[in-house]
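Me: I would like a close look at a single part of this model. Please give the reply as one connected account, with the criteria stated.

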Amino acid sequence: MSVLVGTDTRLVVTGITGREGTFHALNNRRYGTQVVAGVTPGKGGQDVEGIPVFNTLAEAVEEQGANTAMIFVPPRFAADSILEAEEAGISLIIAITEGIPAHDELRVYTHLKRNPNVTLVGPNCPGILSPGKASVGIIPASFFKQGNVGVVSRSGTLTYQIGNELAQRGFGNSSIVGIGGDPVPGSSFIDIIALFEADPETELIVMSGEIGGSAEEEAAEYIAANVTKPVVAYIAGFTAPPGKTMGHAGAIVSGTAGTARAKQEALEAKGVRVGRTPTETAELAMQILGNR
Amino acid sequence: MDLLEYQGKQLFARHAIPVPSGQPASTVEQAVAAADQIGYPCVVKAQVLIGGRGKAGGIRVAKDRAEAEQHARSILGMDIKGFTVHEVWIEEASQIAAEYYASIVFDRAAKAPLVMLSKEGGVEIEQVAEENPEALARLHVDPLLGFQDFHGRRLAFAAGIDADLIRPVGAMLAKLYAAFVAEEAMLVEVNPLIVTPERDVRALDAKVTLDDNSLYRHADNAALRDPSAEDAQEQMAHERGLTYVKLEGDIGILGNGAGLVMSTLDVVALAGGAPANFLDAGGGSKADAIVSAVEVILSDEKVKAVLFNIFGGITRCDEVAKGLIEAFDVVKPTVPFVVRLDGTNDVEGRRLLAEANLPNVHTATTMNEAAEKVVELAANAGAAA
């Protein structure tokens, strides 16, 4: 097992004819993901190395049975593309696009939450990798192997760093889920942790957070009440000065709320062990699962 | 992006939110001319992106021309908590019968706009919220439904607003909400929201934060960015499309992805070093972006050593290596570099660096090793200097 993406995934890539869209769609297919369609309005009927391109998402669903959409269009088109995917009946939408206006995200989020049959992951996320099964997004899959550690993270490159530290210690992953660093992520830590809790393959959950917002604090409460599997956490941004934006729209500290220290304390108060560095976080996982 | 008070008020005025009339001025002459036009008494207000202007002497009432000139002279160029005053806002003096507080914030936790209203304005609202939470009425608005009249009434009654003002205060909140949505703000705050002796409701202050990601469709707001508010390095980085935040230390940092860069700062600090900056070269960085990044980092004279920490996903390590090699050709750095490359095309990236054999460039295989090495090099450079 794994979460969200796997051997049943039938992926449609919006923005497939763009340079990055093509590169990553083909990369995902090379990994073994069933990439069944692409969408670029006006380019219907073409193909990208054998992947048929459609004008609309509805056609991709109808013709190719796509059930998962990867959003790779520029920010100004992304909200529209996500809504089109939902309307077409796609059940999992993974939005890689970075820089979507916050109010667009808010409207999209609120609308999608009213549909119990759709899950949005991202935007501004690296995607989801279920090693050995499917990769949707931009995660450098070759660094990871199949295993029993579920990873959920707000930051892309930090996910790779932690995943790699785990791999060097012999651990594989059930799935690696990047939820993104934007103000309104489609899926929260809680949503993904709940999936890992229910996934028989996952034995330990690593969550990687960062300053800003309160998602880590909320996750701490949730874990204490609902999660039986061990959870290890990492928080980035201890040295970030207050009031400064550190790149991610999400990574803003104002006052004491949302600081790395506050998040660490909230997690530790609920029994979640927090590593000070990615290395220490991997070592904590190793202590719990044993050396293998 | 934060707006200056007067920019916020001009934005409010576009949405029919009543504000006192005024004019910006960047010289004493302009300030006096503006004051003459507005009439006396008027208020000379320092325009800086920091609170506590009044306490610092940055807001003064002028009862005549001589005072307007005197105040403009003392306030222009004044330093308020590290911010130099480049502009003042000359505003008609307002008659104040009561001071309220109103704000709308993009509430990330609740994933909805949060509207707040209090009768206890004009003071530190955090203090009110803490000591007397009942005095601060709060309401989340469904972003797909928008702000309705009943929202305004509910807030106004909950805040204990005088009966005759329920309707005008509600209308004010509706307009603020309309501005919040139309301008794609992350924050709209009015403190104080005043009631005049004639029972008119007006915004006496304006604090507006706009969403940077939306500026492409608000050209007029995008043009308000104040380069003088940014540090020289931050300005240079901004022009080159890099995310850079200046810090106090002496170790230059470059990484890809905000999370990894933040983590790198933490790991360097744990190793006993002090980062000079946060620099996210971004996803898919090409060689020329790396050259720019090196220029920006080294334009800070405090930097004694530089750490490159790259874990390539969308970023390709060979591009980073090429960029660094080119940067050495163009910028000719004199400080040591520590480079750690992992991820997409890392083998090729390391090979390119080894072949180039750049002076004073050290490689590291792990993030911790890289941090320890760069801290040591910076310390040695400090001792030598």
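In chain B, where does B:Gly249 lie?

Reply: In this predicted model, B:Gly249 lies in the loop of chain B between strand 13 (243-246) and strand 14 (251-255); strands are DSSP runs of E with at least two residues, numbered from the N terminus. The relative accessible area of B:Gly249 is 9%, so this residue is buried, a label that means under 20% relative accessible area with a 1.4 Å probe, protein chains only. B:Ala232 is 17 residues from B:Gly249 in sequence, and their C-alpha atoms are 16 Å apart in space.

Turning to chain A, 61% of its 292 residues count as buried. Among contacts in chain A with a separation of 6 or more, 73% join residues 24 or more positions apart. The C-alpha atoms of chain A fill a box of roughly 55 × 40 × 30 Å along the principal axes.

As to conventions, residues are numbered from 1 along each chain as its sequence is written, and chains are lettered from A and ligands numbered from 1 in the order in which they are written. Local features need pLDDT of at least 70, side-chain atom pairs count only at pLDDT 80 or more, and totals for chains, interfaces and linings use all residues, while side-chain values use heavy atoms, with hydrogens and water left out.

Notes
Buried < 20%, exposed > 50% of the residue type's maximum accessible area, 1.4 Å probe, protein only. Contact = heavy atoms within 4.5 Å. Helix = DSSP H or I, 4+ residues; strand = E, 2+ residues; numbered from the N terminus.
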